[in-house]
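Student: I am new to this structure and would like to know what stands behind the terms used for it. Please take them one at a time.

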Amino acid sequence: MTAILEATGLSAYYGPVRALYEVDFRIETGGVTALLGANGAGKTTTLRAVCNMVRRSGTTKLNGQDISRLATEDIVRLGVAHVPEGRGTFTGLTVEENLKLAFHVRRDRAAANRDLDLVFTYFPRLKERVRQQAGTLSGGEQQMLAISRALMLGPKLMLLDEPSFGLAPLVVQEIFRILRSINENEHVSMLIVEQNAALALELADHVYLLETGRVVTSGPSAMVQNDEALRRAYLGY
Amino acid sequence: MELLLQQIASGLTSGAIYACVALGLVMIYVSTDHINFAQGEMAMFSTYIAWALIQAGVSYWVAFGATMVIAFAGGLLIQRFILKPLEHAPVLALVVCFIALLSIFNSMAGVIWSFTVKQFPSPFPKGDLTGAGLVSYHQIGVVGVTVVMLGLLTCFFRFTTLGLAMRAAAQNASSARLMGVRVSWMLALGWGMAAAIGAVAGMLVAPIVFLDPNMMTGILTYGFAAALVGGIGNPGGAVIGGFVVGVLENLVGTYIIGNELKLSFALVIIVGVLLLKPAGLFGRVNVKRV
Ligand SMILES: Nc1ncnc2c1ncn2[C@@H]1O[C@H](COP(=O)(O)OP(=O)(O)OP(=O)(O)O)[C@@H](O)[C@H]1O
Ligand SMILES: [Mg+2]
């Protein structure tokens, strides 16, 4: 299997504080990898480090190309779409403007328009609210919008930071169902960070467990699902 | 009655110019949280460039367009080479930097073009609409040019993806980066546009107040008052604020405090707004719209 993303010796720092210690991981092309761990383990930091949003060291390769030193916006333009913690809504723009912002970086306007239609078939709720100020959307709708903005970039890889955060169980189910079909139908590889470990393990084929900035274990999802001791120790269920 | 009409017309004219200056201030403020104290001097310097071009025999509107382009490039370069390196500097350092820019432009204009007052041509016919000296063609022209420019600017921000990217970058820089927007270039573009708008204000006001290196000092104060009245951070509000301040200033100057004290009225507005309604008249309703 080829890796769409490969990180070696990835470290990250907030000022003098180190948050990530030489982490290694790889995401298979077309696969879904889950990154799990307790609060403060460094999950968000890992995603930020991949996108060069924090001071970091180590190498990251996208399809073999070294992206360690690229600016965030250039990494995004290479096909990495990051759905950030807190959703990153442009609250003062309309839903439509939030989505069409992607047109700024898309050369192929026809493909971008197709992606807009695609987004509306996945999230018909957003279509009903295109003219609405995005800041007035509910939390769940904003999460859908965040995923949609990422989709509008026509990505090869999506980095998802707690897409279930603060959402009602039914909405969470819906979002995960859609993520699965995005992965299967649009061939978008995914790295997903989740507190809801059981749900993430169902979606993912591979998993990395993070503790205080280090990878403690990794392997196929089934391995973790079947290892009760591991689950109890790190995932609390 | 005639005097009142005359004062309102001249108030709208100054208002149009304050609106341009305020808009330049707001454009930079929304994207960087900085007040560009050099906005007025940059406009004055651009106006000198237009003057020099016209002196060299270039026709008015060509000089007008060329000056806007030069001002745009100048604003862009200032952002790239002076402000970008100061990205993480404390606010005080930036204020000092703006004041340095202000005095550099002022003395450069003096050194290059001397401090003597110069006439600056108006592209509009002499005389006035009513024949009774109420509303001159230049006044109508100033308001007209401003309105057209604001219209174009509104269309740019509303209907182009570049305009949308600039608004997104101003609202949420890190999220904009995650959409592939080159935020620091958007800031530079904003600076360039603010400088070009300022240049227009300078060229429109120069035929009225005459051209000299200190031409924009008072106007910047009014522009700042206008931006505050509109709720700094709100471009539409800044424009309305410009017209409000322009008309009020003329009426208050004529009927109440006299023309010599008009500038202190701007100060009264600034202090008043800051004390009573820091968000400005339109600060809340529309704060995130461009
Ligand atoms: N902006 C910041 N400045 C300083 N330290 C930070 C910052 N952001 C995160 N940290 C620290 O880095 C460590 C890892 O944080 P991170 O946000 O990556 O955790 P996380 O695994 O995403 O946690 P959570 O599940 O709560 O979102 C924590 O110790 C945190 O305190
Ligand atoms: Mg986190």
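Tutor: Contact means heavy atoms within 4.5 Å. By that rule, 20 residues of chain B are in contact with 27 residues of chain A. The model is predicted.

Student: How is the size of the interface between chain B and chain A given, and what is the value?

Tutor: The size of an interface is often given as the accessible area lost when the parts come together. Chain B and chain A bury about 2,100 Å² between them, with 60% of it on carbon and sulfur atoms. Of the area that chain B buries against chain A, Leu178(B), Met179(B) and Arg182(B) supply 35%, more than any other three residues.

Student: Why is the pair Arg167(B) and Glu97(A) called a salt bridge?

Tutor: The rule asks for a side-chain nitrogen of Lys or Arg within 4 Å of a carboxyl oxygen of Asp or Glu. For Arg167(B) and Glu97(A) the N to O distance is 3.0 Å, so the pair qualifies. Across the interface of chain B and chain A the rule finds 2 salt bridges. The count of residue pairs in polar contact between these chains is 5.

Student: Which elements make up the side of chain B that touches chain A?

Tutor: α6 (161–171), α7 (173–177) and α8 (183–209) of chain B each supply at least two residues. The largest share comes from α6(B), with 7 residues. By residue class, that side of chain B divides into 10 nonpolar, 5 polar and 5 charged.

Student: What domains is chain A divided into?

Tutor: Domain 1 covers 3–79 + 155–234, and domain 2 covers 91–154. Their centres, taken over C-alpha atoms, are 23 Å apart. The contact takes 18 residues from domain 1 of chain A and 15 residues from domain 2 of chain A. The two domains bury about 1,300 Å² between them, 72% of it on carbon and sulfur atoms.

Student: What makes Glu174(A) and Arg125(A) a salt bridge?

Tutor: Their closest N and O atoms are 3.6 Å apart. The limit is 4 Å, so this pair also counts as a salt bridge. Across the interface of domain 1 and domain 2 of chain A, the rule finds 1 salt bridge.

Student: Which element gives the most to the side of domain 1 of chain A that touches domain 2 of chain A?

Tutor: α7(A) does, with 8 residues. The residues on that side of domain 1 divide into 11 nonpolar, 2 polar and 5 charged.

Definitions and conventions
Residues are numbered from 1 along each chain as its sequence is written. Chains are lettered from A and ligands numbered from 1 in the order in which they are written. This is a predicted model: local features need pLDDT of at least 70, side-chain atom pairs count only at pLDDT 80 or more; totals for chains, interfaces and linings use all residues. Side-chain values use heavy atoms; hydrogens and water are left out. Domain bounds come from an automatic or database domain assignment. Buried area is the accessible area (1.4 Å probe) that two parts lose on being put together, summed over both. Helices (H or I, at least four residues) and strands (E, at least two) are DSSP runs, numbered from the N terminus. Ala, Val, Leu, Ile, Met, Phe, Trp, Tyr, Cys and Pro count as nonpolar, Asp, Glu, Lys and Arg as charged, and the others, Gly among them, as polar. A polar contact is a pair of N or O atoms within 3.5 Å; within protein, one must be able to donate a hydrogen and the other to accept it, and residues adjacent in sequence count only if both atoms are side-chain atoms.
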